[in-house]
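I opened a new structure today and kept notes on what I looked up. The entries follow in the order I made them.

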Amino acid sequence: MLQNLLDQFRNVFLAMPVPSRVIAGLLVTVIVIALGFLVRGNSSPQTEFLLGGKLLDEKDLDAAEMAFGSAGLTGWKREGRRMEIPSAQRSEFLAALNASAALPMSLRSHIQAAIDSSTPFESSEQRLARVGHAKERDLSDNITKFSDIRSASVTYDLGERMGLSRGRKQSASVVVQPEGLDPLPRARIQMIKEMIRASFAGMSIDDVQVTDTNASAMPGDSENDDPLSKKRREEESYYEQKIRSQLAGYGQIHVKTFADIDPTMGIEKASLKFDAQPTTLSETRRKFENESSRPMPGGVPGTQANALSNRPVKIDATTQTTKTKEDQTSSNRVAGQEYETTRTAALTVKRIRVSIGLPMSYYRQVHVHNFLQDNPEKTADDVEALGDDALQKLRDSTKLAIQSAVTPLLPEVSAGEDRFPLVEVWDYPDLPERTVASSGTGQAALTWLADSWQSIAMLLLAVTALLVARGAMKSLGGDSDPAGFSEGFGLELPAPPAPVEEAEGKHDQMEITGGSLKSELVDLVEDNPEVAANVIRSWVGDAA
């Protein structure tokens, strides 16, 4: 059965003209190559995300790329904050991460790695030094987990014992690089100090020094400043943070605060006042009446006195009466008094002035947003240019809205004083940055070529086959004709028939029109090569 099928294909192929054989061979070649590409494309390895699609930081992604490059692995690429790797080489990629210590921070412990790498031949000092260094690296990684810190480095040192004391002086230095250009707030620095202090037993918070790379002042300058400057800086930083948080929806803005501090370092006053009328607390009154009586004298006892002559005596006044009256009054009074103490706080804030800058692009964005909101059926291309009047209107409304939002955050002012002038709103031109030629189009073209190069190769191969076939057919119908065509292959040609109007359409048989035999044969070969070959074959057979 198979042999018969092959014989049939062989006979058909031998019966085909040379151009047809060339075209058939090229088409078979194209089909075979296409099948090879199809099988090769289906056998390409599938990809998956590293660690199940875990989101990695920029530092972890860079470390992973270095690990893969050192291990000689290929086929990986970044997809945002994830790493895409071939599924067939998953074990090799994980082994490269583990071997190079490039695992993400949440999966890595430098202390554990230091303990695992210890040997029984090393001294205790070496082991402690390795573990201490690993602890510093772990603390640095923990500090970078704060959202406003990009990188951190912790250095710990332990001093020598002094005299007979058992304690040793210890200190820690932390260098942090915040995200953006603003320095870290004091609360974040205090949190870092507390974390470092709690990580080392016996360390005080004064032994920890945090250096902010975005800070403009040297560490310790704030403690050496005079109290007035220190208070002013603290108040300005406090209100600036509050205002930035309140105006977070306005995008990239410039905020600067200016604090007016009362230089008085605190006053305490005491006053004592007495009332003009005293207050009676208690009153006592005592009255005494005394009455006494005694008889009148009647004579003197004895003979001498009685010997005298008789004297006259009043008979009614036989007694003598005495009366005495006494009135005593006492009262307990106290004078009314008023004691008043007044204390004024030291370095109080009299007023806070705020300067807020908005970019010009903010007004253009608001203009486009308002236009699209009023005209939902239109697009951003239909928005008209922002005129001067519309710009000024947006400035006034925005200034009023910002003043209304910021003013309640400021301290109270004196009665009758306007608070709005304390908030100044201005705008600045945000100049466009130097445009860099984007590689998006080129990258898309390269990606398309990488995905479609097989189809393009097959298309080019088919076009090449058609060009070869066209060249072969042209070579058969060239200007230099064989001698047999000119001589008619030794046959007597019949007289040309009368001209007949040619019917529409084409015929499969050969017709003699009376024209040039060369032209007729060339046309016949071009229109139907198989019919021409059959005619020539019959002529040669009859002549033989």
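**Entry 1: helices over the sheet.** I started with helix α6, residues 124-143, in this predicted model. Helix α6 lies across β4 and β5. Its direction is at about 145° to β4. Next I looked up helix α7, residues 186-199. Helix α7 lies across β4, β5 and β6, and runs at about 140° to β6.

**Entry 2: the sheet itself.** In what order do the strands of the open sheet come? I read β4-β5-β6, three strands with mixed pairing. Neighbouring strands here are turned by 15° against each other on average, direction ignored.

I then checked how β5 and β6 pair. Strand β5 covers residues 168-178, and its pairing with β6 is parallel, over five bridges.

**Entry 3: serine 140.** I went back to helix α6, where serine 140 has its place. Is serine 140 buried or exposed? I found a relative accessible area of 9%. The cut-off for buried is under 20%, so serine 140 counts as buried. I also listed what serine 140 touches, leaving out residues up to four places away in sequence: Ala152, Ser153 and Val154.

**Entry 4: α3 and α4.** I turned to helix packing. Two packed helices are described by the angle between their axes and the distance between the axes. Helix α3 (residues 58-71) packs on helix α4 (residues 90-99) at about 110°, and the axes are 9 Å apart. Angles of 65 to 115 degrees count as roughly perpendicular, so α3 is roughly perpendicular to α4. I noted the crossing as right-handed.

Which residues of α3 and α4 meet? From α3 I wrote down Ala64, Ala67, Phe68 and Ala71. From α4 I wrote down Phe93, Ala96 and Leu97. This contact has seven nonpolar residues, no polar and no charged.

**Entry 5: α11 and α12.** My last pair was helix α11 (residues 360-374) and helix α12 (residues 388-406). Their axes come within 10 Å and cross at roughly 100°. These two helices are therefore roughly perpendicular to each other. On the α11 side, I listed Met360, Tyr362, Tyr363, Val366, His367 and Asn370. On the α12 side, I listed Leu391, Leu394, Arg395 and Thr398. The contact of α11 with α12 divides into six nonpolar residues, three polar and one charged.

Definitions and conventions:
Residues are numbered from 1 along each chain as its sequence is written. This is a predicted model: local features need pLDDT of at least 70, side-chain atom pairs count only at pLDDT 80 or more; totals for chains, interfaces and linings use all residues. Side-chain values use heavy atoms; hydrogens and water are left out. Two strands pair if DSSP finds at least two bridges between them. Helices (H or I, at least four residues) and strands (E, at least two) are DSSP runs, numbered from the N terminus. Axes are lines fitted to C-alpha atoms, for helices over the stretch in contact, and angles run from 0 to 180 degrees between N-to-C directions. Contact means heavy atoms within 4.5 Å. Buried means under 20% relative accessible area, exposed over 50%, partly exposed in between (1.4 Å probe, protein chains only). Angles under 35 degrees count as roughly parallel, over 145 as roughly antiparallel, 65 to 115 as roughly perpendicular and the rest as oblique. A crossing is left-handed if the near helix is turned anticlockwise from the far one by less than a right angle, and right-handed if clockwise. Ala, Val, Leu, Ile, Met, Phe, Trp, Tyr, Cys and Pro count as nonpolar, Asp, Glu, Lys and Arg as charged, and the others, Gly among them, as polar.
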